[in-house]
Amino acid sequence: MRQHKILVVDDEHLIRWSLEQNLKKQGYEVMTAASGEDALKILKEDTPDLMLLDIQLPGIDGLTVLERVKELEEDVIVIMVTALGVLETAVKAMRMGAYDYLNKPFNLDELAIVIKKALETGELKREVAHLRSEQSRKYGARNIIGRSRHMQNVLSMVEKVAKSDASTILIQGESGTGKELIAKAIHYESSRADRPFMAINCAAVPETLLESELMGHERGAFTDAKVQKKGLFELADGGTVFLDEIGDMEPGMQAKLLRVLEERSFRRVGGTKDIQVDVRIVSATNKDLLKAIEEKVFRADLYYRIQVIPIFLPALRERRDDIMPLVEHFVAHFNREFGKSVKGVSKMAEKFLTEYAWPGNIRELKNIIERAIILENEETLLLEHLPQELVSKASGPSVGPLSLHLPPEGVDIEDVERELIRQALETSEGNQSKAAKKLNLGIDAFRYRMKKFGYL
C-alpha cells in the first residue's frame with residue numbers, strides 16, 4: 001500500500017515539529033509549511049493527500065489558502081485547525097470544502113482517528129469516481145455497435161434525449177435487441193451519470209413485492225418487514241430507474257406508478273409521509289402496448305405518460321449491416337474472456353451468419369459466438385462450428401433456382417454451379433469433405449469452386 005502524504009501548515013514551530021514526529025510514527029510521509037504562501041508552493045510541486053491547515057496564519061489566512069487549494073487540487077482533503085472562539089470561521093471553512101475541523105489544543109489520538117477516516121473517505125470517493133468513469137466509458141453511446149442507418153438514427157436520438165430534461169422515455173423492441181444497453185447509454189451520456197442507475201425486471205417480481213422494491217417499506221408494514229427499507233426510486237434520487245418489461249406490470253401497480261410519475265413523490269409501503277424524488281424513468285417492453293390497451297391489460301393514461309420520448313429498436317434482421325461488426329466485437333470479447341486467439345470467421349460462415357433471420361436478435365448472436373469460441377480451437381470459425389439450426393434455417397437466397405430442365409431463355413452455368421456448391425455445403429453442415437463427395441469432386445477442386453464463388 002502506498003504511503004499517504006500529509007502537509008502540516010502552521011506558523012508555530014513546536015506544533016509543526018510535534019505533528020511531524022507523531023504522523024511519521026503512524027507511517028505517513030509528512031511535509032511542513034510555516035505560512036500559506038509556502039503551503040501553496042509545496043502544493044504546486046508535490047500534491048499531498050491531506051492537509052492540516054491552521055486558520056490563523058501570517059500573510060494569507062487559512063480560508064484563503066483553502067480556497068486556492070480547492071481551485072488547484074479539488075481532491076486534496078483539508079482539515080482545518082482553529083483556536084477556540086472562532087467556531088463561525090470553522091463552519092465557513094466546511095462550507096468552502098474543508099473535510100472537518102479541530103480545535104486547539106487537540107488530542108493526538110483524536111487527530112489520528114480523524115485523519116484515518118478522512119483518508120478512507122478520500123479513497124472511497126476516488127474508487128467511486130473511477131468506477132463511474134469506467135461505467136460511462138463502457139456504456140456510453142459511442143460504444144454501441146450500430147453502423148446501419150436504423151441504428152445511427154437510434155444513437156442520434158439517444159444523444160439528444162440524454163442531454164435533454166426528458167423525465168420519461170419508452171424503449172420498444174423485440175427481446176434481445178439491447179434495450180437495457182440503450183437505457184444505460186441514456187443515463188451515462190446525461191448529467192445524471194454520477195448518480196445511480198437502478199434497474200428492475202417488472203415481469204420477474206410479483207406485484208406484492210414490486211411495490212416494496214420500487215417504493216420501499218416501513219418497519220412492520222407487513223409480516224417480514226423487520227426493518228425500514230428504501231426502494232429503488234429513493235435510492236436512485238438524482239439518477240435513473242430502468243423499468244424493464246413494463247408491459248408485464250399488473251394493473252394495480254400501474255396505477256401506483258402513474259401517481260409517482262405525475263407527482264414525483266410516493267409513500268413507502270406502510271408509510272404516511274410523502275417522499276419527493278428527482279428520477280428519470282426509462283421503461284422498456286417487447287410487447288405491443290397499444291394492443292395491450294385494447295385488451296384492457298395496460299392503462300392508456302400510463303402509456304401516454306411513459307412514452308413522452310419513444311425509441312424503437314430494430315430487430316437484428318432489419319439491420320444486417322451490423323451483424324459482422326457485432327460478430328467481430330463478440331469474437332474479440334470472448335477471446336479476452338477465455339484466452340483464445342480466434343482471428344475471425346470464414347466467408348462461408350459469414351454468409352450464413354448474415355442470411356440467418358436471428359429470432360433471438362443480438363442475445364442469440366452473442367450466445368452462438370460464445371459457444372463457438374468455447375468449444376473450438378481453430379484460428380477461424382468455420383461453418384461447421386455454427387449450430388445446425390442456424391445453418392438449416394439461414395435464408396441463403398440464391399442467384400437463380402436450380403432446375404434440371406433448361407428454361408427457354410437459358411441459364412448461366414455458373415449460377416447453377418454456385419447453387420450446387422451452396423446446397424452441398426448446407427446439407428453437409430459445412431463439412432467440406434462431405435460436400436465435395438456429394439458432387440463427386442476432389443477436395444482441391446471443391447475448394448477451388450468455393451473460393452471462386454466467395455465461400456472461402
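**View 1. Paired rings join up in a cluster.** Rings of Phe, Tyr and Trp (its six-membered ring) count as a pair if their centres lie within 6.5 Å; planes under 30 degrees apart make the pair stacked, over 60 edge-to-face, and the rest tilted. Ring pairs of this kind link Tyr-139, Tyr-188, Phe-197 and Phe-242 into a cluster. By this rule the count comes to 7 aromatic pairs. One of them is Phe-197 with Phe-242, a stacked pair at 6.2 Å centre to centre with 25 degrees between the planes. Phe-197 sits in strand S7 (residues 197-201) and Phe-242 in strand S10 (residues 240-244), so this pair ties together parts that are 45 residues apart in sequence. Helices (H or I, at least four residues) and strands (E, at least two) are DSSP runs, numbered from the N terminus. Both Phe-197 and Phe-242 are buried, meaning under 20% relative accessible area, where exposed is over 50% and partly exposed is in between (1.4 Å probe, protein chains only).

A word on the model before moving on. This is a predicted model, in which local features need pLDDT of at least 70 and side-chain atom pairs count only at pLDDT 80 or more, while totals for chains, interfaces and linings use all residues. Residues are numbered from 1 along each chain as its sequence is written, and side-chain values use heavy atoms, with hydrogens and water left out.

**View 2. Strand S10 has cover on both faces.** In a regular strand the side chains alternate between the two faces of the sheet. Here Thr-240, Phe-242 and Asp-244 are on one side of S10, Val-241 and Leu-243 are on the other, and all are buried. What about its partner strands? Two strands pair if DSSP finds at least two bridges between them. S7 and S10 run parallel, joined by 5 bridges, and Met-198 has Val-241 as its bridge partner in S10. S10 also runs parallel to strand S13 (residues 280-285), with 4 bridges; there, Leu-243 has Ser-283 as its bridge partner.

View 3. Phe-334 and Phe-338 form a stacked pair, 5.7 Å centre to centre and with 10 degrees between the planes. They are 4 residues apart in helix H13 (residues 323-338), so about one helical turn separates them.

View 4. Contact here means heavy atoms within 4.5 Å. Not counting residues up to four places away in sequence, Ile-323 touches Leu-316, Leu-353, Thr-354, Trp-358 and Leu-365. With sequence neighbours within four places left aside in the same way, the contacts of Trp-358 include Arg-317, Glu-364, Ile-368 and Leu-390.

View 5. A nonpolar core is a set of buried Ala, Val, Leu, Ile, Met, Phe, Trp, Tyr and Cys residues joined through side-chain atoms within 4.5 Å. Which members of the largest core touch the most others? Among its 37 residues, they are Val-327, Trp-358 and Leu-365. Helices that each supply at least two residues include H13, H14 (347-355) and H15 (361-375), and H13 gives the largest share, 7 residues. Apart from this core lies another, of 30 residues, among them Phe-266, Ile-275, Val-277 and Phe-298.
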